[in-house]
Number of protein chains: 2
Amino acid sequence: MKQIIIDMDHVMADITAHYINWYKERTGVEVDRSALIGKNEVAAFPESEMVRNFLYTPDFFRTAPVMEGSQQVIKQLHKYHQVFIVSAAMEFPQSLKEKYDWLEENFPFLSWKQFVLCGDKRVIKGDYMIDDHLKNLDFFDGEKLLFSSPHNMLIEGYTRVNNWQDVADILLTNEMITEAKTLDTVEG
Amino acid sequence: MKQIIIDMDHVMADITAHYINWYKERTGVEVDRSALIGKNEVAAFPESEMVRNFLYTPDFFRTAPVMEGSQQVIKQLHKYHQVFIVSAAMEFPQSLKEKYDWLEENFPFLSWKQFVLCGDKRVIKGDYMIDDHLKNLDFFDGEKLLFSSPHNMLIEGYTRVNNWQDVADILLTNEMITEAKTLDTVEG
């Protein structure tokens, strides 16, 4: 059993898709995901100040779409490891309760005991950290898994996971996956 | 420079005094602090269910009195060390924003980057942890300082700090204290 630290934004929540959707609703302009590659996640949008303001807007974090595959894989990780969800949310205090509610809705198998909302992740310890930002991974003493996101695609030198299947391949054995499927069938 | 992890309730916030005040306002009964020694902090009150409910009541955490000496000593610690405020607040999601606001009001020299609100402190690393609960200290790899509170007064075998002066004596050198006083004079 390993202690696994999982980031929210761009890892459990598809914040890039959320930016693109909110931006299109407000400007009519559909920014292509490929246009964001290697760029600061906010500054890459033509009207970047608008996107920056999304982060302070009530309901932005509460309504973020769930990252594909995250629910299934985290459910399995939670069965065999000690999972903690750690989000650097403190810059946006309105997001604290929203992130709690979002986790409760979308990851109901987790407990509040597994949630951490902080300002800086240099206080966090564990065996693995899954995160899209080097500012978080670089202070971590355990294994670092860089979760791919348009803004970090040009970074080299880190163990990269491109999606949740990649995470499962590293942190779940075939026996765990088979057993989890059996348990799911039994539990219905 | 050390990384110092500081708890909020019963360490920065005088929750015992707050319980006693709120209880007196609602029942007319003044519970003496000495009657709480060695007992569970909530169960020690005659109508303990009422006190338990305080924890879920809006404004309870927002209006807690500041622990004597904590502002002065933490201000000095912040000058010479890397301070993080870590509170197990997640059981009471209404408290998340209240704790943020309380810290901003009473410890304005700290930044949101130094705040951590979590469910369980076993993910936290640092050089020192100042806390009133063994459930937090026991998972910590660094030096543990048990901050005295009525509920923990019968516990033995830990390095105990009875007040913020005791913390200063351990974590601040005479040179730091003298320099901090000089800086305060210069800063006005």
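A:His10 sits in the loop that joins strand S1 (3-6) to helix H1 (15-27) in chain A. The model is predicted, and the values below are computed from it. Phi of A:His10 is near 75°, which is a positive value in a residue other than glycine. A:His10 has a relative accessibility of 3%, so A:His10 counts as buried, the limit being under 20%.

In chain B, B:His10 is placed in the loop between strand S1 (3-6) and helix H1 (15-27). Its phi is near 70°, again a positive value in a residue that is not glycine. B:His10 counts as buried because its relative accessibility is 3%.

Is A:Lys99 buried or exposed? A:Lys99 belongs to helix H4 of chain A, and its relative accessibility of 2% means that A:Lys99 counts as buried. Not counting residues up to four places away in sequence, A:Lys99 touches A:Met8, A:Asp9, A:Phe61, A:Ser87, A:Ala89 and A:Leu117.

B:Lys113 lies in the loop between H4 and strand S3 (115-118) of chain B. With a relative accessibility of 44%, B:Lys113 counts as partly exposed, because 44% falls between the limits of 20% and 50%. Which residues does B:Lys113 contact, leaving aside its neighbours within four places in sequence? They are A:Gly119 and A:Asp120 in chain A, and B:Phe84 in chain B. The C-alpha atom of B:Lys113 is separated by 9.6 Å from that of B:Ile85, although the two residues are 28 residues apart along the chain.

**Nonpolar cores**

The largest nonpolar core has 104 residues. Which of its residues touch the most other members? They are A:Ile6, A:Ile130 and A:Trp164, together with B:Ile6, B:Ile130 and B:Trp164. Leaving aside neighbours within four places in sequence, the contacts of A:Trp164 include A:Ile6, A:Ile130, A:Met67 and A:Phe147. Also among them are A:Ser70, A:Val73, A:Ile74 and A:Leu77. A second, separate core has 22 residues, including A:Val86 and A:Leu137 from chain A and B:Met129 and B:Leu146 from chain B.

| Helix pair | Residues | Angle | Axes |
|---|---|---|---|
| H3(A) and H6(A) | 70-80 and 164-171 | about 15° | 9 Å apart |
| H4(A) and H4(B) | 95-106 and 95-106 | roughly 155° | within 8 Å |

Helices H3 and H6 of chain A pack at an angle of about 15°. This makes H3(A) roughly parallel to H6(A), because the angle is under 35 degrees. The crossing of H3(A) past H6(A) is left-handed. On the H3(A) side, the contact is made by A:Ser70, A:Val73, A:Ile74 and A:Leu77. On the H6(A) side, A:Trp164, A:Val167, A:Ala168 and A:Leu171 take part. Seven of the residues in this contact are nonpolar, one is polar and none is charged.

The other pair brings the two chains together in one contact: A:Leu96, A:Lys97 and A:Tyr100 of H4(A) meet B:Leu96, B:Lys97 and B:Tyr100 of H4(B). The contact of H4(A) with H4(B) holds four nonpolar and two charged residues, and no polar ones. Why do H4(A) and H4(B) count as roughly antiparallel? Their axes cross at roughly 155°, and an angle over 145 degrees is therefore roughly antiparallel. H4(A) passes H4(B) in a right-handed crossing.

How values were computed:
Residues numbered from 1 in each chain as written. Chains lettered and ligands numbered in written order. Predicted model: local features only at pLDDT ≥ 70, side-chain atom pairs only at ≥ 80, totals over all residues. Heavy atoms only, no water. Core = buried A, V, L, I, M, F, W, Y, C linked by side-chain atoms within 4.5 Å. Buried < 20%, exposed > 50% of the residue type's maximum accessible area, 1.4 Å probe, protein only. Contact = heavy atoms within 4.5 Å. Axes fitted to C-alpha atoms, helices over the stretch in contact; angles between N-to-C directions. Helix = DSSP H or I, 4+ residues; strand = E, 2+ residues; numbered from the N terminus. Parallel < 35°, antiparallel > 145°, perpendicular 65-115°, else oblique. Left-handed = near helix turned anticlockwise from the far one by under 90°. Nonpolar A, V, L, I, M, F, W, Y, C, P; charged D, E, K, R; others polar.
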